[in-house]
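Q: Could you walk me through a structure that I have not seen before?

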Amino acid sequence: MSLGRRGFLQFCLGAGAGITFSPLPWKLMDDSCIWSQTFRGLPIEVPVPPVGEVNIEKSVCTLCPGGCGISVRKVKNRAVKIEGTEGHPINDGGICILGVAGLYQLYGGARVKSPLKRAGNRGEGKWEEISWSAAISEISKKLSQIRRNGSAHTVACISGKDRGTVPQLFKRLLTAYGSPNFISMPSSEDTERLGLKLMQGEDASVGYDLENARYILSFGSGLIDGWGSPVRVFRANSAWREEAVKGLAKVVQIEPRLSNTAAKADQWVPIAPGTEAALALGLAHVIVKERRYNKDFVMNHCFGFEDWTDNSGKVHKGLKRMVLKDYSPDVVSGITGISASKIVAIAREFTRAKRPLAVCGRGKGSTPEGLQEFMAIYALNALVGNINKTGGVRALPEVRTTAWPAVARDAIAKRGMSQPRFDRAGTKAFPVTESLFNQMHTGKGAYALSALLIDGANPYYTAHDKTAVAEALDSIPFIVSFSSHMDETAQHADFILPSHTNLERYEDVPTPAGLNVPIIGLSRPVVDPEYDTKHVGDIVIALGKSTDGIADSFSWDDYESLLKETMGGKWDTLVREGYWKDESYSPAAWSSGFKTPSGRFEFFATGLYKAGIRSNNDNDYLPRYEPVVLEGTSDSYPLVLIPIETTRLADGAVANSPYLTKTVADTVLRNNDIFVEVNPKTAAAYGLSEGTVAMLKTPTGEAKVRAHLYEGVRPGVVAIPTGLGHSAYDDYLSGKGVNANDVIGTVEDPVSGLDIAWGSRASLVSI
Amino acid sequence: MFPFSFEWHWDIGHMVFHGALWYALSILGMGLGYAAIKSFIDLKKGGHH
Amino acid sequence: MDSALIPEGVKRCSFGKFALWIGFWSLLMLWALAGAGVCWLKGLNQTNLNDYFGFGAWITADLAIIALGAGAFFTGFMRYILGIEDFKPIINFVVIIGFICYSSALAILALDIGQPLRGWHIFWHANVHSMLTEVAFCISAYFMVLTIEYIPLVLENRQLDKIPLVHHFSHNLHHIMAVFAATGAFLSFFHQGSLGGVAGVLFGRPFAFRQHFAIWPTTFFLFIFSAIACGPCFTILVTRITELITRKKLVKQNVIVKLAKVSGWLLVGYLLVKTLDTVYWAMVTLPNMGVSFMDMYPESPFTIWILIAELGFCGVIPAIILITEKGRNNNLLLIPAAILTCIGICLNRYVMTVQALALPVMPFDNFVNYIPNWAEWVTSLAPFAYGAILISLSYRYLPVFPQEKELNP
Amino acid sequence: MKEEHKEGAHGHVEKYKYGMVIDLDKCTGCGACMVACMTENNVPFRKDESDKLVSTAWMRVFKATNGKSYPDIDVCYFPRPCMHCEGDHGHSPCVSVCPAVATDYDFETGIVSQIPTRCFGCRYCMAACPYHARYFNWWDPVWPDKMEKALSPDVSPRMRGVVEKCTFCFHRFQRARDKAYVEGRREIREDEYQTACTQACPADAITFGDLNNHEHEVYKLKKSPYAFRLLERLGTNPKVYYMSTRSWVRREGDNYLKGEKSK
């Protein structure tokens, strides 16, 4: 049958009607919905997360030393969410911004996926994948060779921390190998431990009983900007806020910039940068002069308050004479820029308050303060007698764990260990200090290093004065990194032996800085390793086993059995609860609590005096304000640069995650430009307005920045956010802004030798 | 538009809105239908006018 | 070449010249289509819109061209419902203008949505309480009306008209055109109004929010009023431009003057009502929300001058010209007045959308500004090219102007 | 004591009225709530998120200052989730304008829902919301490396071109409700349903619960003399309350004419 025109028309009409009344239009509409749901330029689709059995795994976060309990929500074998563990003594369900974003460290970019050996030049980014066995054998061969050559002591290790089994394992490796050069990255905890050793005679961390304190005098500590164990301090702050409404608590923040801590405090005292010690001593002056100190404690349990006579009959100055003479409110007002009346008022309030507490450690506490500055602030606690008291400060000992078998030291080890440390810590130069990272990159090392192991640290990024760090590290011929991520330091290594990330491994977490009770946490693997990585402890054990002459000290099968053995009876509790808290702990009584030469709390550090540091001037052994001499002159660098530390930007060895960067305001980072804060008055004086592109110059370096006008920063001060300016990792992190550490130089504390640069001189010129 | 989609709740607004809408649409439809049918009839009657 | 298609008894330029003209506009259209293409394929990240300015150039263009296209329904309303025969000679042309405006508006709306493939959700899952739903339904329905009104004109093409069925159909449609015009007027009133409602119901935006009458905010009525006041001006303007380009008189002066008169008096009325509304808004609505009138005009470009420009320069001045006999009869005054009126309404639509969004409402929020990017500009201005093409084609091949033969013997 | 379930204006059963009280004195501006929300709700991130006008954060922390000069300046943070405005009987600014019922007021919970698969991206709701609580997906959601593994199956990732916003973690409500039903309970306990931001907040500044339930913490807190809501005068009737003992902060919560007394 031929199809005529009419027939064709009828067919079309019929087909049209048929289709219209068929399910086809509905199906097509439905399809368009689904298609538009998943369309994103084929063939990628909007992911549909697979469902599965849900599990909650408890662990402890190790992204910072805070030691918070975390509960990881898992769907089948995927970790999908990190939450704070309810009831955990440190964070009780709360979690910080870095912790909650922690899955990026596991699943995100920049992971080192297998052992790598450098293929191109240092830092060029050319790598060759090698097997674990090949990597271990190459490295141990190299270490064995150095050892044979009699230069065992020239091998050093840089670790992000110095407490816990992993750093101990590195120390053990070095000890058995024959090197004293275990270096931990500096923080204010270093100064505090040092100060505590001198003033209270204890090898311990300072515990601040924030929860029970009711008048908090914070000398620049970023209490809610990441200081100490952040969530714990946040919670304490909330308690203060509740009390403050009732007039029962007060927080006074002493800081050149209105930080979040200052904004939430009841009083902000905008001080001239770096003069905190002067203020502390000014307060001490008022307290002493008006006899407001705790007479029982000061008279019966302190040493060096009054003048004293040594065995040779020489009269030494005491704190009393010193503060009365040198730190009158008028003098201190001139130094700090705070009016004398305000100084008197704060001193009176501090002594009148129920459970006052003076806190130190600038910002997050990532840069140590000067030893005598710490002593000055800590002395305030002693004056009001809150040492070892509720709401006061205390020496917090380490949780005791099972001791390891003694290190087997052969002749080479003994010879190596008898060498002075490369960084001169513990030598005549710095007799009381344990480790001095900054001595390495300021080129003052006692001898050249031939190999370096780096774990949990990213000095290329976190240390002041990048150029100097780079020079120092580049001069070391052999560098091994254990980083899980391709960070700046790993980029410059010769070998990268990637360790598991925090969610893939066991690790003990020692008491975090500033906590008021000894506690130990257990970080546990919540997911299987994503890549061909190993536990850093297992790598060290493997290196120990395969390096000539030291295998005897590494008899453990693996890190897990070592950890179990070390934790001993606490293991079961740790596995069950995720932490072990020393319930029996209470601070020592005044009568028996001080293990100093005098048996008392020492304002005058006889430990220092005996070690023979510097002059014979008594001022050197007392709490004291000694201005930190920043490099450069005020003519060429009229401004003072200080860092801004916030929780929203991780600035340590654990880098920021893109989630955090996303929360950063556009007055901090816009496109790839970093903003520095200046007071509108300063800005006017230098012809800057909001967003002006300017060159920030310091004696250490220069950087292109933009200006952000902020009334909350002291005139004459430039404030630069930390945590930006990475050059490694992935595109989500690198190339954004400037690394504040690149433009801040180092300043050596004359007593401890630690780098105490709280800032830099600077100039800001619009371009 | 239709009660079978979820979150549906009846109210007077639907009556008014749809009443007016379908009133207008049906006038348009009927008008077009009228013109079409009449054209065919006119065509059947033949011739121009 | 195409002489068989050209209406009898009129003169048209050579095909080559015509092709060149169409070619020029087509190039612009292609550019616009490229802009539309990247937005459809890559998404709205290709624009300068953002979370603070969800509405921008497109919505302004939409509202403006729909207001300008109001000449179509209102002239139809006057011609068919009020029976003012004076407007008969221009009715074909206003239908074409209306058709252009509404089809462009629909195309731009299709661009403006993030998921064009789901555009039908507005009908399928319609929320009858939303002004935008009302707009979508009314615009679509009214576009049908315009198509129905445009069809007979197309069918009157010399060649098409030769087909008996086609001839009957167009004749019959003409016959009942009043019914369609009435429906169109009904739909149009509502959607012009609901476009106003779109802004006026935003009670989270003090700048846009207005007092309600019954279920509608005052903007509902103001938008209708302003649209019918300005629509005729736009008709005058386009007619004059067409006459300028064709170098022919196409519509008798009395028609134009009458349109101008209607427009002028409507404009006067609109300005009165708008002033009352603004005063009430400034004195009552805003203070109740805790903001002052001058808070609404904080910084450039949104200073008080934008209001003065809208109501003064582009309102009062053209109104005076249009209501005076001398003014509207003088082409040198009439055309600027028409232009000012059209600018005024565009300005009004712009502030009611963009300024309404630009002003921060939370006291700690920031003022941000927005400038459209190329993709938004070309697509927003595309209706000019599209209009030029459609008018040219219609003018060349269809008997648009019944007075043309008489005026150009 | 739970109030009797009320019949709403439209004859809907109003079972719960979930809301939030945020203590601005405790809020440290740390941003943990923002990230907790993002990781809970599969909100993607891009390489450059510094343009805040196109950066999605269901919970966004705004910074306010008292406008004074050094050293009298003061700063306060306003965490801003979706306010879940009740308006007048569920007539919230956004729900009333959405042309496709892609956002709706749920009378059972008082939660303003968002149905991304129905939304076609007209952004009218964003224009309507004075809090900027609504975000448009300008880009395709892309997760780098293995980050897709971290996506939660409880919340569908949204495609480009649609609007999204805070849902008060509605999936958590569903989870709690299912659990209660399985255990034969009709009521959900206060601690069973908490939003991700509330749970994460390290300062315990956020409290979440049923605003109608006398036993819930939010019920007590919202009555504090220091409590206020954002832009209350617009009539949005939000279900997020703020608290501050600082009067300038309370004044920042709404617009006032010069010389007018604030809350």
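The conversation below concerns this predicted model.

Q: Let us start with chain A: how many helices and strands are there?
A: The secondary structure of chain A consists of 26 helices and 30 strands.

Q: What share of chain A is buried?
A: Of the 767 residues in chain A, 60% are buried.

Q: Changing topic, which two chains share the most contacts?
A: Five pairs of chains are in contact, and chains A and D share the most contacts of these. Chain A contributes 66 residues to that contact and chain D contributes 54 residues.

Q: Which element gives the largest share on the side of chain A?
A: Helix H8(A) does, with eight residues of the side that touches chain D. Other elements that each supply at least two residues include helix H2 (24-38), strand S3 (78-84) and helix H25 (658-663) of chain A.

Q: How do the residues on that side of chain A divide by class?
A: The side of chain A that touches chain D has 33 nonpolar, 18 polar and 15 charged residues.

Q: How far apart are chains A and B?
A: Chains A and B do not touch, and their nearest C-alpha atoms are 13 Å apart.

Q: What does chain B contribute to its contact with chain C?
A: Chain B contributes 20 residues, which are in contact with 24 residues of chain C. On the side of chain B, these are 12 nonpolar, six polar and two charged residues.

Q: Staying with chain C, how do helices H3 and H9 pack?
A: Helix H3 (residues 70-81) and helix H9 (residues 218-246) of chain C pack at an angle of about 100 degrees, with their axes 7 Å apart. H3(C) and H9(C) are therefore roughly perpendicular to each other.

Q: Which residues make that contact?
A: Among them are C:Gly71 and C:Phe74 of H3(C), together with C:Ile228 and C:Phe234 of H9(C). By class, the contact of H3(C) with H9(C) has seven nonpolar, four polar and no charged residues.

Q: Which residues touch the most other members in the largest nonpolar core?
A: That core has 468 residues, and A:Leu283, A:Ala284, A:Val718 and D:Ala32 touch the most other members. Helix H6 (residues 131-155) of chain C gives the most to this core, with 16 residues.

Q: What is A:Ala284 in contact with?
A: Leaving aside neighbours within four places in sequence, A:Ala284 is in contact with A:Val323, A:Tyr327, A:Ala379, A:Leu380 and A:Leu383.

Q: One more residue: where does A:Lys736 lie?
A: A:Lys736 lies in the loop between strand S29 (717-721) and strand S30 (760-766) of chain A.

Q: Buried or exposed?
A: A:Lys736 is buried, because 24 other C-beta atoms lie within 10 Å. Not counting residues up to four places away in sequence, A:Lys736 touches A:Thr661, A:Leu669, A:Asn672, A:Leu724 and A:Gly725.

Terms used. Residues numbered from 1 in each chain as written. Chains lettered and ligands numbered in written order. Predicted model: local features only at pLDDT ≥ 70, side-chain atom pairs only at ≥ 80, totals over all residues. Contact = placed C-beta atoms within 7 Å. Helix = DSSP H or I, 4+ residues; strand = E, 2+ residues; numbered from the N terminus. Nonpolar A, V, L, I, M, F, W, Y, C, P; charged D, E, K, R; others polar. Buried ≥ 20, exposed ≤ 12 C-beta atoms within 10 Å, placed from the backbone. Axes fitted to C-alpha atoms, helices over the stretch in contact; angles between N-to-C directions. Parallel < 35°, antiparallel > 145°, perpendicular 65-115°, else oblique. Core = buried A, V, L, I, M, F, W, Y, C linked by C-beta atoms within 7 Å.
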